[in-house]
Amino acid sequence: TLGGPLRENRAFFFLGYEALRERLGKTISTVVPDDNARLGILPDPANAGRTITVPVDTAVRPYLDEYPQANGPSLGGGLAEFTFPFNHTIDQHFLQGRVDYQLSPAHHFFGRYTFDDADQNLPTDYPQFPRAFFSRNQFFTAELKQAYSSNLLATYRGGYSRTRVGQD
């Protein structure tokens, strides 16, 4: 942060900046069909410990193949564990500036600008479907206070905001 007078006893400024940069290595664990389930060999619900074989329809095969191959222990029921490394990242920048100006004993003005920008790389259950979240916000506010008399004060304020939020 930085602030101080621009003109003695009349005009002042303030600037502030913050950033967050985070890099987290994570291990994501999820559940996928085991090798037998990919071949149509499934536990028989009527006879514990036995299996049944069902044909895997050709229309279903492309979807089944999208699941990663299990790399962890079998969980039973045709399921197994799959783990993979993921780099979870956050880059965020926040900037704010303000100017105050005493135009006269009866008139005071301020203007403020805020900028907030963020990008995040977020994990999902499967490595082929990562998602990115982004946002950018900008705000501007201006205000004029005017004393018309000892009993009457008027405040005029205007603002502008622009927000963009999305996900890939």
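Is Leu75 buried, partly exposed or exposed? Leu75 is partly exposed, because its relative accessible area is 48% (buried is under 20%, exposed over 50%, partly exposed in between, with a 1.4 Å probe and protein chains only).

1. Ground rules. This is a predicted model, so local features need pLDDT of at least 70 and side-chain atom pairs count only at pLDDT 80 or more, while totals for chains, interfaces and linings use all residues. Residues are numbered from 1 along each chain as its sequence is written, and side-chain values use heavy atoms, with hydrogens and water left out.

2. The patch around Leu75. Leu75 is found in strand 5 (residues 74–76); helices (H or I, at least four residues) and strands (E, at least two) are DSSP runs, numbered from the N terminus. Together with Val31 and Leu79, Leu75 forms a nonpolar surface patch with about 230 Å² of accessible area. Patches take residues with over 30% relative accessible area and no salt bridge, joining like charges within 9 Å and nonpolar side chains (Val, Leu, Ile, Met, Phe, Trp, Tyr) within 5 Å. The areas come from the Shrake-Rupley method with a 1.4 Å probe, and for residues only the protein chains shown count as cover.

3. The core. The largest nonpolar core has six residues: Ile28, Val32, Phe82, Phe84, Phe86 and Tyr126. Such a core is a set of buried Ala, Val, Leu, Ile, Met, Phe, Trp, Tyr and Cys residues joined through side-chain atoms within 4.5 Å. Strand 2 (11–33) and strand 6 (79–104) are the elements that give two or more residues to this core, and strand 6 supplies the largest share, three residues. Beyond its neighbours within four places in sequence, Phe82 has contacts that include Ile28, Val32, Pro68 and Pro127 (contact means heavy atoms within 4.5 Å).

4. Strand pairing. Strand 7 (residues 107–122) and strand 8 (residues 131–149) run antiparallel, joined by 16 bridges; two strands pair if DSSP finds at least two bridges between them. Leu122 has Arg131 in strand 8 as its bridge partner. Strand 8 also pairs with strand 9 (residues 152–167) in the antiparallel sense, over 16 bridges. These two, strand 8 and strand 9, form a hairpin with two residues between them.

5. Salt bridges. There are six salt bridges, counted when a side-chain nitrogen of Lys or Arg is within 4 Å of a carboxyl oxygen of Asp or Glu. Asp117 and Arg136 form one of them, with the closest N and O atoms 3.0 Å apart. Asp117 lies in strand 7 and Arg136 in strand 8, so this pair ties together parts that are 19 residues apart in sequence. Asp117 counts as buried at 11% relative accessibility.

6. A charged network. Glu143, Lys145 and Arg157 are linked in a network of salt bridges. The closest N and O atoms are 4.0 Å apart for Glu143 and Lys145, and 2.5 Å apart for Glu143 and Arg157. Glu143 is buried at 7% relative accessibility, whereas Arg157 is exposed at 55%.

7. Two loop residues. Asn9, in the loop between strand 1 (2–7) and strand 2, has a positive phi of about 60° although it is not a glycine. Most residues other than glycine have a negative phi. Leu39 is exposed at 58% relative accessibility and, leaving aside neighbours within four places in sequence, is in contact with Val54 and Val56.
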